[in-house]
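Hi there,

Here is the structure I promised to pass on. Have a look at it first, and then read on for what turned up.

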Amino acid sequence: MLFNPPVLWAVVLNIFALAGIQLACAYLFTRMPEAWFQGPLAAPKRTPGLSFFAVKKWKRLLPDGAGWFLGGFQKRSLESQDIAYLRRFITETRRGEACHWTAMLLCTIPSLWNPWWACLIIAGWAIISNVPCIAVQRVNRDRLVRIIHRIHASKAVAKSARS
């Protein structure tokens, strides 16, 4: 503990720090260049373990923070099956996942003014508020990759049928 504020001030500082970290990460990540999050398409796969948590059943309960900021890419629903749009969506799932990992890491900042037991509570909060979002990004990305591969496969079949 770097400094020891009174309990009430520590609680207030924690609330503002944790909310500020989440919002600052969301804002800053929406401003980062798209190219930083682009990458090759992986082979279609299912993320191991995530189906166990039935992500599809509860993912709609989570907010889509990207829509809170000008220029953010909303990921609430699939708007098109155009390949360019799907690739952009995949890029945005990478951006969202990186944002949540960063926010979770930065939630260690309040350890500067909190006792060890409060740091455990904050760590639990950071995990509970970010890991579900990371899981949703991964499930969505895997689903989008499968859609792209299905589209490419159907185009290849159509092309070979014409030949």
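A word on terms before the tour: a residue is called buried when its relative accessible area is under 20%, exposed when over 50%, and partly exposed in between. Please keep in mind that this is a predicted model.

Let's start with helix H1, which covers residues 7-31. H1 has 25 residues and spans 36 Å from its first C-alpha to its last, close to the 36 Å expected at 1.5 Å a residue. The buried residues in H1 are Ala10, Asn14, Ala17, Leu18, Ile21, Gln22, Cys25, Ala26, Phe29 and Thr30. What do they pack against? Their partners are helix H3 (83-106) and helix H4 (116-162). As background, an α-helix has 3.6 residues a turn, so residues three or four places apart point the same way.

Leu8, for one, is in H1, and it counts as exposed because its relative accessibility is 65%, over the 50% cut-off. Leu8 belongs to a nonpolar patch on the surface, together with Val7, Trp9, Val11, Val12, Ile15 and Phe16. Together these residues have about 800 Å² of accessible area.

Now for the charged side chains. How many salt bridges does the structure hold? There are 5. One of them joins the side chains of Arg88 and Glu34, at 3.3 Å from N to O. This pair links distant parts of the chain: Arg88 is in helix H3, Glu34 is in the loop between H1 and H2, and they are 54 residues apart. Arg88 is partly exposed at 26% relative accessibility, and Glu34 is partly exposed too, at 28%.

Another salt bridge brings together the side chains of Glu92 and Arg95, at 2.8 Å from N to O. Glu92 and Arg95 are 3 residues apart in helix H3, so about one helical turn separates them. Both Glu92 and Arg95 are buried. Glu34, Arg88, Glu92 and Arg95 are linked in a network of salt bridges.

Besides its place in the network, the side chain of Arg95 reaches the backbone oxygen of Met32 at 2.7 Å. Leaving aside neighbours within four places in sequence, Arg95 is in contact with Phe29, Thr30, Met32, Pro33, Glu34 and Phe37. Of these, Phe29 and Thr30 are among the buried residues of H1.

A further salt bridge is formed by the side chains of Arg141 and Glu97, at 2.4 Å from N to O. Arg141 lies in helix H4 and Glu97 in helix H3, so the pair ties together parts that are 44 residues apart in sequence. Arg141 is buried at 15% relative accessibility, and Glu97 is buried at 9%.

Last stop: Ser77, in the loop between helix H2 (55-58) and H3. Not counting residues up to four places away in sequence, Ser77 touches Tyr85 and Phe89. Ser77 and Arg60 are 17 residues apart in sequence, and their C-alpha atoms are 9.4 Å apart in space.

Technical notes: Residues are numbered from 1 along each chain as its sequence is written. This is a predicted model: local features need pLDDT of at least 70, side-chain atom pairs count only at pLDDT 80 or more; totals for chains, interfaces and linings use all residues. Side-chain values use heavy atoms; hydrogens and water are left out. Patches are made of residues with over 30% relative accessible area and no salt bridge: like charges are joined within 9 Å, nonpolar side chains (Val, Leu, Ile, Met, Phe, Trp, Tyr) within 5 Å. Accessible areas come from the Shrake-Rupley method with a 1.4 Å probe; for residues, only the protein chains shown count as cover. A salt bridge is a side-chain nitrogen of Lys or Arg within 4 Å of a carboxyl oxygen of Asp or Glu. Helices (H or I, at least four residues) and strands (E, at least two) are DSSP runs, numbered from the N terminus. Buried means under 20% relative accessible area, exposed over 50%, partly exposed in between (1.4 Å probe, protein chains only). The expected span of a helix is 1.5 Å times one less than its number of residues. Contact means heavy atoms within 4.5 Å. A polar contact is a pair of N or O atoms within 3.5 Å; within protein, one must be able to donate a hydrogen and the other to accept it, and residues adjacent in sequence count only if both atoms are side-chain atoms.
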